[in-house]
Amino acid sequence: MAVSHTPITPALGALVQGVDLATITPEQFDACNEIWRRRHVLVFRGQQLTNAQFERFSSMLGELDPPPNQGAGRKSVPGHPNLYVVSNRKSAEGEPLGALGDGEAQWHTDMSYLERPPFASMLWSIELPQAGGDTCFASMPAALRTMPPAFVARLRKLSIKHDGTYDSGGNVRKGVVPNDDPTRSVGTIHPMVIAHPETGEPTLYLGRRRNAWIAGLPLEESERLLNIIWSYATADAVTLRHSWQLGDVVLWNNFTTMHRRDAFPPDQIRTLHRSQIKSRYPLSAAAREAA
Ligand SMILES: [Fe+2]
């Protein structure tokens, strides 16, 4: 069966058909990769996988990144240290078995507070609530295209400090001291406009809005400008909403998209396994490409 796809919105996303990720071949992988370069988010429905098969497919994209340190610490899938559990399930002793709980996760890019953030992330649905918990994605190249050229020219000269204090659920990362002054908190400075390392397509690179700071600007001016940037970056026209079904696998490019999650009822369980793929491309090189 040939690999085919249907665009999800004009700005981003593709529903990929004709691929069983448990047995995906190198040729099918190349076809998916080609679609992914242009659409940034791929959705595969109805996948029946083992953790080993999910890890195998993830590894076809590159070396896996170990899970991050969240408010609940590092939560790996037992026996698969490179796979990460996103879940509100707790042990009999009340200890969280996964990360992120049941609340809303604000718009962000995964692990952008690192020097070398992962290039791709992938989620696979294991258990779902009856309602809520949708994941939304935003296309950063599309957001950039909607901005006036003079504004883009200004952004190309700026960098953002990506805060490493809080996770996307708003929790302080384990072992990190709370700090709400982004000029002094832990974090990493990345250029605001980079290029997709494989296609050269210019893209915004944003992280979490909380504690973000445009390096070198007075905080008030930075806040004003960041609010304008976020209004372009999260506008309906550049986003898509994914309502999860069991067996969905969703892959996204972490350099060209942001994502967020809706809250869901705390008395219901939502569990997804996540993999992340290390970048072969430092952001600094992607930024030079965009210059
Ligand atoms: Fe995330």
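I began with strand β10 (residues 159-163) and found it mostly covered, since 4 of its 5 residues are buried; buried here means that 20 or more other C-beta atoms, placed from the backbone, lie within 10 Å of a residue's own. I took strands as DSSP runs of E with at least two residues, numbered from the N terminus.

I noted that this is a predicted model, in which local features need pLDDT of at least 70, side-chain atom pairs count only at pLDDT 80 or more, and totals for chains, interfaces and linings use all residues. I counted residues from 1 along each chain as its sequence is written.

Next I looked up the partners of β10, counting two strands as paired if DSSP finds at least two bridges between them. Strand β11 (residues 187-191) runs antiparallel to β10 and is joined to it by 5 bridges, and within β11 I found I189 as the bridge partner of K161. Strand β14 (residues 213-214) is also antiparallel to β10, with 2 bridges joining them, and there K161 stands opposite W213.

I then turned to an open sheet of 4 strands, which I read in the order β7-β17-β9-β15 with antiparallel pairing. Its edge strands are β7 (105-108) and β15 (239-242), each of which pairs on one side only. Neighbouring strands of this sheet are turned by 15° against each other on average, direction ignored, where the axes are lines fitted to C-alpha atoms and angles run from 0 to 180 degrees between N-to-C directions.

Last, I followed β7 to strand β17 (residues 257-261), with which it pairs in the antiparallel sense over 2 bridges, and I saw that H108 stands opposite H259 in β17.

Key:
Buried ≥ 20, exposed ≤ 12 C-beta atoms within 10 Å, placed from the backbone.
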